[in-house]
Amino acid sequence: MLGFIVIIICPCYFYCSIYRQRKSNNDLTTMTDIELGIPHEVRCEYTQLNTIYSPMLHYNPDECAITKIARKQIIFGKIIGSGVFGMVYQGNVKNLESSGTEISVAIKTLRKDASSHEKKKLLKEAELMNRFRHKHILRLLGVCLDGIYPFLVLELMETGDLSRYLRDCRNLEASDSHALRLQDLFAMCEDVARGCCYLEELRFVHRDLACRNCLVSSRNRENRIVKIGDFGLARNIYHDYYRMRGEDLLPVRWMAPESLMIRIFTSQSDVWSFGVLMWEITSLGEQPYVDKTNAEVIIYVLAGDRLPMPLNCPSALYQLMLRCWTAADARPNFEFFLKNIITLRKNIEDALLSPVDIL
Ligand code: ATP
């Protein structure tokens, strides 16, 4: 019976709901009209001002050219992470901002046996990232094309990815100055929401919003900034939709029902993932639906079940998460979530967090 619901009823429901939404947007009429966006189709100046985040919105079409960095300018240091395509190193780059200077950077490399397809994907990621200038989006500093394989040179985020950071913080005593408090959780949600608003304004769909793809600048709360990174799956869209061909591995625990059902990715499906990301933050890095397999998650989500409220999550913030997990046409946009997170942050007093089991 459950199989019948998933196979027959759900696709019809989502097609109808998205069709209704597209009509109400005065958009094109059929699903087959969906455009596959490619980077050069999007005009650089395509932004609108928004009062909440416009002070940080900075986009200059003249800055579209990617900075080329020579191999001899780069000094490799230790490995700080490994991705699907290869290692990420800490390092330094000489004479980048001006001659005689040396700055710390992260260098994303490709495995020695990487295919030409993977090489193209890395360069595409660079092309996408180069379009962004925002406090909460990881900055691409340049690319090095001198060897057989390109390197991406990125701003260094000292504390690494957000998921690991949250889990590490579980081990800290409440008396530790780096121990997380309730206001820290709000601050991290707000940082990511600001980055998401910017991407929404630029009509970029990230498609892989998750704590593992966000990076943290510092453990010290005064200097801590969370930025959205990893644009390996991101696509810019000319129309409101991006439809995937189904060849990629899918982050199903973060995916909206319509993405699971018909592989459709929009800013609204990014909103769903953002809800899961806020859930990860408030559960201090727990894996979503930890007791379920990927296949069980799909059935659970399509049946209308949702992640439970985490121990340290204020009920008002959980209500916001539930809004992220409504039907696509009822889901508010990122501007709504940013406004509400800012308001909640002002109105809720800071508090110590209850201890969460160490993973
Ligand atoms: P991809 O799918 O593109 O391979 P990935 O999510 O597998 O991406 P990478 O972007 O390659 O991962 O990054 C791997 C790890 O390296 C991250 O989880 C993070 O810990 C570290 N890392 C990546 N970029 C930076 C950076 N700019 N500063 C600090 N650490 C970074």
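User: How much space lies in the largest pocket, and what makes it a pocket rather than a cavity?
Analyst: About 1300 Å³ of space lies in the largest pocket, a volume being the space filled by probe spheres set on grid points joined across faces, edges and corners. Of its 42 lining residues, Gly-83, Val-84, Lys-108, Asn-213 and Asp-230 are the closest to its centre. On a 1 Å grid over the protein atoms alone, a pocket is an open set with protein on both sides within 12 Å along at least five of seven lines, whereas a cavity is a set of points where a 1.4 Å probe fits but cannot get out; lining residues have an atom within 4 Å of a point. This is a predicted model, where local features need pLDDT of at least 70 and side-chain atom pairs pLDDT 80 or more, while totals for chains, interfaces and linings use all residues. Residues are numbered from 1 along each chain as its sequence is written, and side-chain values use heavy atoms, without hydrogens and water.

User: Where does the ligand sit?
Analyst: The ligand sits in the largest pocket, so more than half of its atoms lie within 2 Å of the pocket's grid points. β1 (74-82), β3 (102-108) and β5 (151-155) each give two or more residues to the shell around the ligand. β1 provides the largest share, three residues.

User: Which residues come nearest to the ligand?
Analyst: Val-84, Lys-108, Glu-155, Met-157 and Asp-230 come nearest, out of 19 residues around the ligand. Each of the 19 counts because one of its heavy atoms lies within 4 Å of the ligand. The shell divides into ten nonpolar, four polar and five charged residues.

User: How many cavities of 30 Å³ or more does the structure hold?
Analyst: The structure holds five, and the largest cavity has about 50 Å³ of space. Its lining is Cys-196, Leu-199, Glu-200, Phe-204, His-206, Leu-209, Ser-267, Asp-270 and Phe-334. By class, that lining has five nonpolar, two polar and two charged residues.

Conventions. Ala, Val, Leu, Ile, Met, Phe, Trp, Tyr, Cys and Pro count as nonpolar, Asp, Glu, Lys and Arg as charged, and the others, Gly among them, as polar. Helices (H or I, at least four residues) and strands (E, at least two) are DSSP runs, numbered from the N terminus.
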